[in-house]
Amino acid sequence: QVQLVESGGGLVQAGGSLRLSCAASVSIRSINTMGWYRQAPGKQRELVANIGSGGSINYADSVKGRFAISKDNAKNTMYLQMSSLKPEDTAVYYCKAESIMSWGTLEYWGQGTQVTVSS
């Protein structure tokens, strides 16, 4: 069982920055993919960025050039540095971990952290 705890959300003005953290209860070296997702009111949850165990990174087009995902294996923590924030970035941000098993994929989610960007 993997427990994920997000932190770092809050209220920020447009153009500002925030850094989200996702602390895992296990070594993240063994996790195939970790990612950040977000869900705005009335919208579906969407991928923001993910990072593979080998370091490969993907970003949603809407955040490219503004957000940066990273992880610290020694601290079992993943980060999302968000800059040039826009009101449309307002959402609950979730951390996700995926481990590929011989029989399928295990997925774990954090409880989410609210990010609100005021105009």
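Predicted model: local features only at pLDDT ≥ 70, side-chain atom pairs only at ≥ 80, totals over all residues.
Two strands are said to pair if DSSP finds at least two bridges between them, and the strands themselves (E, at least two residues), like helices (H or I, at least four), are DSSP runs numbered from the N terminus. Residues are numbered from 1 along each chain as its sequence is written, and side-chain values use heavy atoms, with hydrogens and water left out.

The protein chain contains 11 strands and zero helices, and its order of elements from the N terminus is accordingly β-β-β-β-β-β-β-β-β-β-β. Its radius of gyration, taken over C-alpha atoms, is 14 Å, close to the 14 Å that the globule rule gives for 119 residues, so the chain is as compact as a globular protein of that length; the rule itself is 2.2 Å times the number of residues to the power 0.38. Along the principal axes, the C-alpha trace spans about 45 × 30 × 25 Å. Of the 119 residues, 40% are buried, where buried means under 20% relative accessible area, exposed means over 50%, and partly exposed lies in between (1.4 Å probe, protein chains only). The accessible surface of the chain comes to about 6200 Å², with 47% of that area belonging to carbon and sulfur atoms; such areas come from the Shrake-Rupley method with a 1.4 Å probe, and for residues only the protein chains shown count as cover. If contact is taken as heavy atoms within 4.5 Å, then among contacts between residues at least 6 apart in sequence, 55% join residues at least 24 apart.

Ser99, which is found in β9, is buried with a relative accessible area of 12%. Not counting residues up to four places away in sequence, Ser99 touches Ser30, Ile31 and Asn32 as well as Gly104, Thr105 and Leu106.

The side chains of these strands can be followed next. In a regular strand, side chains alternate between the two faces of the sheet. The structure holds two aromatic pairs, a pair being rings of Phe, Tyr and Trp (its six-membered ring) whose centres lie within 6.5 Å, with planes under 30 degrees apart counted as stacked, over 60 as edge-to-face and the rest as tilted. One of them is formed by Tyr37 and Trp109, which are edge-to-face at 5.0 Å centre to centre, with 65 degrees between the planes. This pair links distant parts of the chain, with Tyr37 in β4 and Trp109 in β10, 72 residues apart. Tyr37 counts as buried, at 14% relative accessibility, whereas Trp109 is partly exposed, with a relative accessible area of 34%. Trp109 also pairs with Tyr94: their ring centres are 6.4 Å apart and their planes lie at 85 degrees, so this pair too is edge-to-face. Here Tyr94 lies in β9 and Trp109 in β10, 15 residues apart, and Tyr94 counts as buried at 14% relative accessibility.

Another residue to look at is Gly10, in strand β2 (residues 10-13). Gly10 is partly exposed, with a relative accessible area of 24%. Leaving aside neighbours within four places in sequence, Gly10 is in contact with Leu18, Gln114, Val115 and Thr116. Gly10 and Gly52 are 42 residues apart in sequence and 27 Å apart in space, C-alpha to C-alpha.
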